[in-house]
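Subject: Structure handover

Hello,

Here is the structure I promised you. Please open it alongside this email; my notes follow below.

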Amino acid sequence: MTIQQVVDILHGNLVSGKNQLSSEVVYGFSSDLMSDVLTLEKEKIILLTGLANVQTIRTSEMSNINCIILVRNKKATPEMIKLAEDTGIALVEFPGSMFHAVSILSVAGIKPVY
């Protein structure tokens, strides 16, 4: 599935990463604990989180995550948007809960990391 398809399925608001829309994603991981994100060893992962700060972008960059979904109507700060653009990470805002987003993506075929 492409990041564009993820944005469309969630009816999300893409705030960064127009150049990433054709990138493929296979797995999903949801967490607000960035220490858990650092343990991931797969590629082509979507991160779903309610943690809206630059640390989320930095952690995703270190974990080779190219798409972050901010859930619970969290809004990306201008600093987050700039850093996401600079690092090639798609950043999407989703108004619903993490559970809701995970449910939608799971039905659409996104696989769990473990």
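In which helix does Leu10 lie? Leu10 sits in helix H1, which covers residues 3–10. Bear in mind throughout that this is a predicted model.

Is Leu10 buried or exposed? Its relative accessible area is 3%. The cut-off for buried is under 20%, so Leu10 counts as buried. Setting aside neighbours within four places in sequence, Leu10 contacts Ile69, Phe94, Ala101, Ile104 and Leu105. One distance for orientation: Leu10 and Asn73 are 63 residues apart along the chain, and 13 Å separates their C-alpha atoms.

Next, Ser63. You will find Ser63 in the loop that runs between helix H3 (54–62) and strand E4 (67–70). Ser63 has a relative accessibility of 7%, so this loop residue counts as buried. What does Ser63 touch, not counting residues up to four places away in sequence? The answer is Val37, Leu38 and Lys42.

Now the overall fold. The protein has five helices and six strands. Along the sequence they follow the pattern α-β-β-α-β-α-β-α-β-α-β. The C-alpha atoms fill a box of roughly 35 × 30 × 25 Å along the principal axes. The radius of gyration is 12 Å. A compact globule of 114 residues would have a value near 13 Å, so the two agree.

Some totals for the protein. Of the 114 residues, 46% count as buried. Take the contacts between residues at least 6 apart in sequence: 50% of them join residues at least 24 apart.

Last, the largest pocket. It holds about 210 Å³ of space. Which elements each supply at least two residues of its lining? They are strand E2 (27–30), helix H5 (98–107) and strand E6 (111–112). The lining residues, for your display, are:

- Gly28, Phe29 and Ser30, among others
- Leu48, also part of the lining
- Val102, Leu105 and Ser106, also in the lining
- Ile110, Lys111, Pro112, Val113 and Tyr114, which complete the list

By class, the lining has eight nonpolar, three polar and one charged residues. Leu105 links two parts of these notes: Leu105 is in contact with Leu10, and Leu105 also lines the largest pocket.

Best wishes

Terms used
Residues are numbered from 1 along each chain as its sequence is written. This is a predicted model: local features need pLDDT of at least 70, side-chain atom pairs count only at pLDDT 80 or more; totals for chains, interfaces and linings use all residues. Side-chain values use heavy atoms; hydrogens and water are left out. On a 1 Å grid over the protein atoms alone, a cavity is a set of points where a 1.4 Å probe fits but cannot get out, and a pocket is an open set with protein on both sides within 12 Å along at least five of seven lines; lining residues have an atom within 4 Å of a point. Grid points are joined across faces, edges and corners, and a volume is the space filled by probe spheres set on the points. Helices (H or I, at least four residues) and strands (E, at least two) are DSSP runs, numbered from the N terminus. Ala, Val, Leu, Ile, Met, Phe, Trp, Tyr, Cys and Pro count as nonpolar, Asp, Glu, Lys and Arg as charged, and the others, Gly among them, as polar. The radius of gyration is taken over C-alpha atoms; the globule rule is 2.2 Å times the number of residues to the power 0.38. Buried means under 20% relative accessible area, exposed over 50%, partly exposed in between (1.4 Å probe, protein chains only). Contact means heavy atoms within 4.5 Å.
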